[in-house]
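Thanks for coming, everyone. Please have a look at the structure on the screen, and then we will walk through it together.

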Amino acid sequence: MNGDYIIGGVFSIHTYIEEVNHEYTKRPEPSKCKGRIYSRQLRHSHAMVFAIEEINNSTELLPGVTLGYQIHDSCATVPLAVQMAFQLLNGRDPVFHTSDNCSQSGAVVAIVGESNSTPSMSMSRVIGSYNVPLVSHFATCACLSDKQQHPTFFRTIPSDQFQADALAKLVKHFGWTWIGAIHSDSDYGNNGMASFLKAAKKVGICVEYTESFYRTNPQSRIKRVADVIRRSTAKVIIAFVASGDIKILFLELSREPSPPRQWIGSEGWVADQDMLQFNFCAGAIGFGIQRSVIPGLREFLLDLSPSKVAASPVLTEFWEDLFNCKLGKAPKERACNGSEDMGALQIRYTGTSQFRGTTMVYKAVYAIAHAIHNSICQKTNFTIQCNQSLKLKPKQVLTQLKKVSFTQNGHDVSFDVNGDPVARYELVNWQKGESGTIELVAVGLYDASLPEGQEFHIHRNITWMDGSTNVPVSVCSNSCPPGTRKMLQKGKPTCCFDCIQCPEGEISNVTDSPDCLPCPEEFWPNAQRDTCLLKPVEYLSFHEVLGIILAAFSVGGACLAIGTAAVFFHHRNSPIVRANNSELSFLLLFSLTLCFLCSLTFIGAPSQWSCMLRHTAFGITFVLCISCVLGKTIVVLMAFRATLPGSNVMKWFGPPQQRITVVSFTSIQVLICTLWLVLSPPFPKKNLTINRKKIILECALGSAIGFWAVLGYIGLLSVFCLVLAVLARKLPDNFNEAKFITFSMLIFCAVWITFIPAYVSSPGKFTVAVEIFAILASSFGLILCIFAPKCFIIVLRPERNTRKYLMNKN
């Protein structure tokens with residue numbers, strides 16, 4: 001149709017181009033298309049005509065201006081699409097010119113098309129040099145967004161880059177990490193799948209296999225792809241495939257169905273009504289172009305009179321194939337009688353009141369019309385004036401096309417810097433209806449313009465491959481629960497892993513954790529190793545059995561010492577008490593009482609004061625105790641020396657000298673303890689190394705030298721006392737107690753010699769228990785060996801507690 005301005009249209013109405021063997025003896029005939037007519041593509045071409053006629057009748061858009069059109073069939077092939085592009089550029093068309101001369105008078109200002117990405121790319125490269133805009137309604141390859149390669153390309157359908165991102169988010173949304181992928185071996189499929197794989201990798205999705213094919217491939221290639229699907233372990237398949245390609249694959253799969261698979265489809269096929277015949281794909285889900293109601297379009301499509309059909313070779317072919325009759329005279333075949341009614345048929349051409357791809361054509365025509373309007377029309381005094389005589393160049397339309405922004409039938413139309421619209425899709429699902437047939441149901445929406453994480457809006461239950469609403473599972477390995485970490489399987493993708501329990505001291509508190517994290521220093525994992533708990537604090541407590549027993553012996557020992565002192569005090573004038581140096585005996589009993597009681601400072605939670613007190617009190621009281629024993633031993637030895645003729649030695653070891661000896665020896669220990677406390681005193685410490693599962697409260701020595709100096713000084717005095725006691729043990733004196741002191745010092749030294757290795761090797765609170773045991777054992781050894789025999793005589797054998805008995809004893 002002629003007009004003031006011509007819009008070109010290129011659609012893949014037929015499937016193939018007829019192959020011709022050229023003999024090069026005459027001029028080749030024009031290429032001819034063959035194969036069945038795509039009813040959807042035929043509808044798209046008629047939608048373009050409808051939109052142009054609607055615009056021509058509009059009083060607001062291009063008033064007084066008529067648009068014409070040239071629409072061509074590319075037969076879904078690149079060579080013919082390029083040929084049509086040159087023809088549209090030249091304006092060489094029988095409708096306008098009958099000569100062979102090229103003329104710009106019939107050249108188009110813009111082109112709608114092509115239906116597929118590969119022909120669109122070829123056309124774009126041809127017409128881009130002439131600044132002619134190409135607005136595609138169905139070419140989705142992301143490569144067409146490259147403005148350096150395709151500077152004049154626009155489209156009303158979203159780019160595959162958006163769809164690839166949306167498909168990756170959809171897979172992630174339902175928790176699938178192990179999928180198969182197939183795609184058309186074309187620009188649409190190859191580029192779309194490349195974009196999807198890149199997006200899938202970002203969100204942690206692994207692909208078991210990637211297979212490509214094309215509708216013209218040998219059957220063996222199609223069968224190989226089908227076999228890969230049948231053998232695969234992935235239950236979810238992403239298919240970035242054109243409708244014509246996947247139909248070939250589905251026919252192959254229908255011969256020997258594979259185990260149930262959840263199909264995820266691109267808009268190229270998942271919203272195609274023709275594909276719903278394949279029942280084994282029930283539950284398929286994917287993105288479709290948003291549907292829209294175009295008022296009057298269905299009536300326009302049905303308005304095909306026999307005269308209109310006969311005037312168009314394409315419509316004639318379509319009509320004859322549809323009704324299986326021949327227009328005109330056909331002696332050998334059934335002739336069309338004129339009563340054929342297209343409206344009574346359920347066909348793709350008119351089978352729906354809501355259109356998807358058709359809406360994209362409608363938008364493309366209106367986008368070009370708005371660009372022309374903005375180039376030649378002005379609004380003055382509330383009226384629109386258009387200069388239809390203006391010689392409009394395609395470059396002017398191109399400039400205005402970049403700026404268009406309008407709303408048509410409730411949908412916004414605009415283009416970004418790459419010539420792409422805002423990406424909005426319908427989420428469609430193949431569901432079985434009550435009659436058992438597969439129906440295409442819209443279950444949600446996807447809007448790429450919304451914030452991250454809010455793009456999906458699912459408003460209806462989805463039916464999956466097994467007919468249920470339970471989301472199928474497709475993973476290479478089951479998720480690792482908290483308390484474990486993932487360990488990748490050698491030679492396999494990152495989604496294939498084993499679950500390894502976290503090592504001791506570490507946790508993981510999330511599912512599929514790649515690593516385990518150590519607990520903070522004072523925490524330890526629970527049994528499941530998914531959370532850190534505060535470590536139990538351990539110390540020798542008054543509330544536990546061991547602490548109670550040791551405390552009881554400590555108090556019992558102190559009571560024993562006090563009881564002994566009471567007995568001695570009550571019988572202080574008796575011979576046996578007077579004969580055994582009563583002053584040193586009472587001082588010894590006092591020091592033993594302190595020794596028993598100082599062990600109580602080792603029980604309970606350590607504090608700054610208890611740590612300083614326990615070691616210093618222990619050191620000083622034991623030195624006081626040993627000093628008293630040493631004084632008694634020296635007195636026994638000197639008493640024997642004093643009986644020798646001419647000896648005057650006892651004057652040097654009287655009571656004053658004994659007191660000085662005890663004070664001197666004790667003062668040295670006091671000095672050592674004072675230096676220890678001043679320079680590096682003991683302090684409370686949390687020991688986290690002995691037992692990793694517990695916090696052991698203990699007293700750190702501060703200075704180890706100070707501690708071992710205290711023990712060493714006690715040991716030195718003990719050895720010295722033992723040597724003197726051994727020397728005096730057989731002296732022939734009735735008042736000699738040296739043999740009892742010898743036994744006591746042997747026990748004392750044995751206890752403390754065995755204490756050292758036991759102290760070093762005991763863990764935790766048992767270190768303290770060993771130290772308390774050593775204190776109590778040595779204290780009991782002293783009190784029992786030195787005072788028990790005397791108390792036995794005083795209490796139970798009072799007849800022996802006489803001077804006469806003691807003097808006559810051999």
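**Salt bridges, strands and rings**

Start with Arg230: its relative accessibility is 12%, so Arg230 counts as buried. Keep in mind that this is a predicted model.

Now, what does Arg230 meet in a salt bridge? The side chain of Asp227, with 2.7 Å from N to O. Both residues sit in helix α6, which covers residues 219-231. They are three residues apart, about one turn of the helix. In total, the structure holds 19 salt bridges.

Next, another salt bridge. Here the side chains of Glu426 and Arg356 meet, again with 2.7 Å from N to O. Glu426 lies in strand β17, and Arg356 lies in the loop between α10 and α11, so this pair ties together parts that are 70 residues apart in sequence. Are these two buried or exposed? Glu426 is buried, with a relative accessible area of 10%. Arg356 is buried too, with 14%.

Let's stay with β17. The strand runs over residues 424-432, and seven of its nine residues are buried, so β17 is largely enclosed by the rest of the structure. Which strands pair with it? One is β12, residues 285-289, which pairs with β17 in the antiparallel sense over five bridges. There, Ile289 stands opposite Tyr425. Another is β18, residues 438-447, which is joined to β17 by nine bridges and also runs antiparallel. In that pairing, Gln431 stands opposite Glu439. β17 and β18 form a hairpin, with five residues between them. Look at Gly436 in the turn: it has a positive phi of about 95°.

Trp430 belongs to an aromatic cluster with Phe250, Trp263, Trp269, Phe278 and Phe280.

How many aromatic pairs does the structure hold? The count is 28. Take Phe568 and Phe787, which form an edge-to-face pair, 5.4 Å centre to centre and 75° between the planes. Phe568 lies in helix α13, residues 545-570, and Phe787 in helix α20, residues 765-796, so the pair ties together parts that are 219 residues apart in sequence. Both Phe568 and Phe787 are buried.

Phe569 and Phe586 make an edge-to-face pair as well, 6.4 Å centre to centre with 70° between the planes. Phe569 is in helix α13 and Phe586 in helix α15, residues 582-598, which puts them 17 residues apart. Phe569 is partly exposed, with a relative accessible area of 48%. Phe586 counts as partly exposed at 25%.

Now to helix α10, residues 313-323. Its buried residues are Leu315, Thr316, Phe318, Trp319, Glu320 and Phe323. What do they pack against? Against α1, residues 39-56, and α9, residues 306-311. Just after α10 comes Asn324, with a positive phi of about 55°. Then look at Cys325, in the loop between α10 and α11. At 3% relative accessibility, Cys325 counts as buried. Leaving aside neighbours within four places in sequence, Cys325 is in contact with Glu320, Arg334, Ala335, Cys336 and Glu340.

In β28, Ile696 is the bridge partner of Glu538.

Glu538 also forms a salt bridge with Lys694, the closest N and O atoms being 3.0 Å apart. Lys694 is in the loop between β27 and β28, and Glu538 is in β26, 156 residues apart. Glu538 is buried, with a relative accessible area of 14%. Lys694 counts as partly exposed at 29%.

Last stop: the surface. Leu671, Leu675, Val678 and Leu679 make a nonpolar patch of about 450 Å². Val678 lies in helix α17, residues 655-679. At 61% relative accessibility, Val678 counts as exposed.

Terms used: Residues numbered from 1 in each chain as written. Predicted model: local features only at pLDDT ≥ 70, side-chain atom pairs only at ≥ 80, totals over all residues. Heavy atoms only, no water. Pairing = 2+ DSSP bridges. Helix = DSSP H or I, 4+ residues; strand = E, 2+ residues; numbered from the N terminus. Buried < 20%, exposed > 50% of the residue type's maximum accessible area, 1.4 Å probe, protein only. Contact = heavy atoms within 4.5 Å. Patch = residues over 30% accessible without salt bridge, like charges linked within 9 Å, V, L, I, M, F, W, Y side chains within 5 Å. Areas by Shrake-Rupley, 256 points an atom, 1.4 Å probe, with all protein chains shown as cover. Salt bridge = Lys/Arg side-chain N within 4 Å of Asp/Glu carboxyl O. Phe/Tyr/Trp six-rings, centres within 6.5 Å; stacked < 30°, edge-to-face > 60°.
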